[in-house]
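My entries follow the order in which I consulted the structure.

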Amino acid sequence: MAILLILAIASISCSKKPVQVGHINMISNRNVSSGFNYELLQRFSNSSIKQIRRNKARTINDAIDIVVKTVPGGEYLMNAKVYRVGFFFSVEGDVWGVKSQNDMNGLKSGDTVFYKKGRKSQTAKIISFKDLDNVNIQLGNGRLKIVSRDNLILKID
């Protein structure tokens with residue numbers, strides 16, 4: 001009977017299926033100033049099962065950092081859920097922080113850029129920054145597209 005209990009506990013702790021272990025109102029690894037006006041930067045960050053499995057860490061602190069750092073200006077999580085994935089942790093929630101106009105390589109929301117795909121390039125406008133590597137742009141024909149920031153060149157007027 002004891003062997004069966006040990007096997008059951010081991011199989012639950014080693015499973016790859018995410019298991020929610022907590023729901024937290026606010027969680028952060030940094031000091032949050034109560035006098036500062038933070039804004040909601042991204043809702044439901046890291047919320048798909050695929051993202052939860054991919055963005056796992058050995059500690060809850062590292063899992064929080066992974067989610068917060070994917071959003072430029074992110075400081076803390078609200079409405080966070082903590083998951084156990086095997087021997088690892090993953091976190092999802094709403095990312096709050098300081099909305100920054102400037103981002104990587106001097107690009108900011110509203111800038112006109114050249115979007116390069118292969119040998120073709122076209123003019124586009126930056127709408128927002130999805131994460132550290134991807135940017136939401138609006139092409140000249142009005143279509144919205146998520147592209148790598150490596151494919152963008154700032155247009156100097």
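**Strand pairing**

I began with β1 and β3, which pair in the antiparallel sense over seven bridges. The model I am reading is a predicted one. Within this pairing I looked up histidine 23 and found its bridge partner in β3 to be lysine 81.

I then turned to β3 and β4, which run antiparallel and are joined by nine bridges. Here valine 82 stands opposite valine 91 in β4. I noted that β3 and β4 form a hairpin with two residues between them. In the turn, glycine 86 has a positive phi of about 65°.

**Nonpolar cores**

Which residues touch the most other members of the largest nonpolar core? I found Ile64, Leu77 and Val91, out of 13 residues in this core. The elements giving two or more residues to this core are α3 (60-69), β3 (74-85) and β4 (88-97). Its largest share, four residues, comes from α3.

I listed the contacts of leucine 77, leaving aside its neighbours within four places in sequence; among them are Ile27, Ile64, Val68 and Val91. I also recorded a second, separate core of 11 residues, including Val113, Tyr115, Ala124 and Val147.

**Tyrosine 38**

I located tyrosine 38 in the loop between β1 (19-27) and β2 (39-45).

Definitions and conventions
Residues are numbered from 1 along each chain as its sequence is written. This is a predicted model: local features need pLDDT of at least 70, side-chain atom pairs count only at pLDDT 80 or more; totals for chains, interfaces and linings use all residues. Side-chain values use heavy atoms; hydrogens and water are left out. A nonpolar core is a set of buried Ala, Val, Leu, Ile, Met, Phe, Trp, Tyr and Cys residues joined through side-chain atoms within 4.5 Å. Buried means under 20% relative accessible area, exposed over 50%, partly exposed in between (1.4 Å probe, protein chains only). Contact means heavy atoms within 4.5 Å. Two strands pair if DSSP finds at least two bridges between them.
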